[in-house]
Amino acid sequence: MQHDGTGDDTERPPPESFVRVVCASESSITGAVYAEMEAIRAAAVRHNVPAGIHAALLHQSGWFVQWKEGPEAALRQSMRRVLEDPRHHSLRIVHYSRGPRLLSGPWSMAIVQTDEAHACMSRRVTRLRRAMDDGVQYSPPAVWRQLSTPLEHPGASQQTNADVFQRVLVCSAAGSTSFDLVRWLGRRHGQSVVHRRFAGDEGLDVGTDYVDFADADRVMRVIAMARKGLGMPLTRAFIPDYSHIVLLLSGEPERDWPLLQRVAESCAGLPAPPVLLGVAEHRAAHAQPFATAHRLGLIYLDAQAHPLDSAGVWEAAYPVLAHWRATASAGPPSILSNLQMLR
């Protein structure tokens, strides 16, 4: 029996098991893709909510990728509707498993803006299908990542190797400083920045950028995301993959507090949440975030730099991020499931 720090040693039932499917198909859409995806969202949410199905939809390089989780009978019925939809064709299943839900809500969708050719995406789909047929089983998030990362990006083939590929999420309390940092890293390393657009089931629409670059014996992916994107089911499904969440703090509690609250809620329930790295101009700005993170069982580290100075931010944050393997092996404590102290 494990103690989770809440004072309740009662045995908990195992998580409910659902069928999880990821499939890829070629798009037949000739007009505005996002408008069509909004129409898909309206129909999907109408069917998914009563059926207990959670789903995510990606459009990239002329392909759709769908990730669905739910009760087997309901999911089979949903897949029949998918197969009959004229907006795509040539569907291939690239993942099938049973397990706990990884998507926390009924709908998420994303568009990745890339110049990658349709044929390159096709090769990734074929490779994953062959791996599945050979008995190689990746998790749904790992499949999604492999299909959404252009082949020309550094270390694209290493994404499933946790000892080589490090992912860092950056969020800013004010302004677009997290996006400025990603663009600066892209220029510094001569790598293109990938632009993505996410939306949830209630019309929430956010942009997110990332850049991949080689760094010594690893590949780093640094992702910028607006604070409101942290609550999306698709975003929350990938939180366990991040070694760190970098918080670019303003030093103003009324701005920094909502960011910390969103991050804490996104990490709730994770056995090994990412390390939080606060970056602020003045050391005093870390006092409240550190105290709150400590109460929640989260590791909080601090660094000093002005959030508007991307070079300074990276210089301050990089030494901490470089010790990611040691931090991971130290076994960070579980976050407390009770977030009432944040209310």
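Me: How many bridges join strand S2 to S3, and do the two run parallel or antiparallel?

Reply: Please keep in mind that this is a predicted model. Strand S2, residues 54-60, is joined to S3 by seven bridges, and the two strands run antiparallel. S2 and S3 form a hairpin with two residues between them, and Ser 61 in the turn has a positive phi of about 50°. If you follow individual pairs, you will find Ala 55 opposite Lys 68 in S3, while Leu 57 stands opposite Gln 66.

Me: Which strand does S2 pair with in a parallel manner, and through how many bridges?

Reply: That is strand S5, residues 107-113, which runs parallel to S2 and is joined to it by five bridges.

Me: What joins S3 to strand S1?

Reply: Eight bridges join S3, residues 63-70, to strand S1, residues 18-27, and this pair runs antiparallel. Within it, Ala 24 has Val 65 as its bridge partner, and Ser 25 has Phe 64.

Me: In what order do the strands lie across the whole sheet?

Reply: Twelve strands form an open sheet with mixed pairing, and their order is S4-S1-S3-S2-S5-S7-S8-S9-S6-S10-S11-S12. Strand S4 (88-99) and strand S12 (300-304) are at the edges, and because each has a single partner strand, one side of each is left without a neighbour in the sheet. On average, neighbouring strands are turned by 20° against each other, direction ignored.

Me: How should I read the two faces of a strand, and which residues of S3 point each way?

Reply: The general idea is that side chains in a regular strand alternate between the two faces of the sheet. In S3, Trp 63, Val 65, Trp 67 and Glu 69 point one way, whereas Phe 64, Gln 66, Lys 68 and Gly 70 point the other way, and all of them are buried. Because eight of the eight residues of S3 are buried, this strand is largely enclosed by the rest of the structure.

Me: Are the faces of S2 covered or exposed?

Reply: Both faces of S2 are covered, with His 54, Ala 56, Leu 58 and Gln 60 buried on one side and Ala 55, Leu 57 and His 59 buried on the other. Seven of the seven residues of S2 are buried, so S2 too is largely enclosed by the rest of the structure.

Me: Where is Leu 75 placed, and which helix holds it?

Reply: Leu 75 is in helix H2, residues 72-84, and at 2% relative accessibility Leu 75 counts as buried. Although Leu 75 and Val 19 are 56 residues apart along the chain, their C-alpha atoms are separated by 7.5 Å. Beyond its neighbours within four places in sequence, Leu 75 is in contact with Val 19, Val 21, Ile 53, Lys 68, Glu 69 and Gly 70.

Me: Which residues touch the most other members of the largest nonpolar core?

Reply: They are Trp 67, Leu 169, Leu 234, Leu 247 and Leu 276, in a core of 49 residues. Helix H7, residues 253-267, gives the most to this core, with five residues. Domain 1 (18-148) and domain 2 (156-328) both contribute residues, so the core lies between them. Apart from it lies another core, of 22 residues, among them Leu 185, Met 220, Val 313 and Ala 317.

Methods. Residues are numbered from 1 along each chain as its sequence is written. This is a predicted model: local features need pLDDT of at least 70, side-chain atom pairs count only at pLDDT 80 or more; totals for chains, interfaces and linings use all residues. Side-chain values use heavy atoms; hydrogens and water are left out. Two strands pair if DSSP finds at least two bridges between them. Helices (H or I, at least four residues) and strands (E, at least two) are DSSP runs, numbered from the N terminus. Axes are lines fitted to C-alpha atoms, for helices over the stretch in contact, and angles run from 0 to 180 degrees between N-to-C directions. A nonpolar core is a set of buried Ala, Val, Leu, Ile, Met, Phe, Trp, Tyr and Cys residues joined through side-chain atoms within 4.5 Å. Buried means under 20% relative accessible area, exposed over 50%, partly exposed in between (1.4 Å probe, protein chains only). Domain bounds come from an automatic or database domain assignment. Contact means heavy atoms within 4.5 Å.
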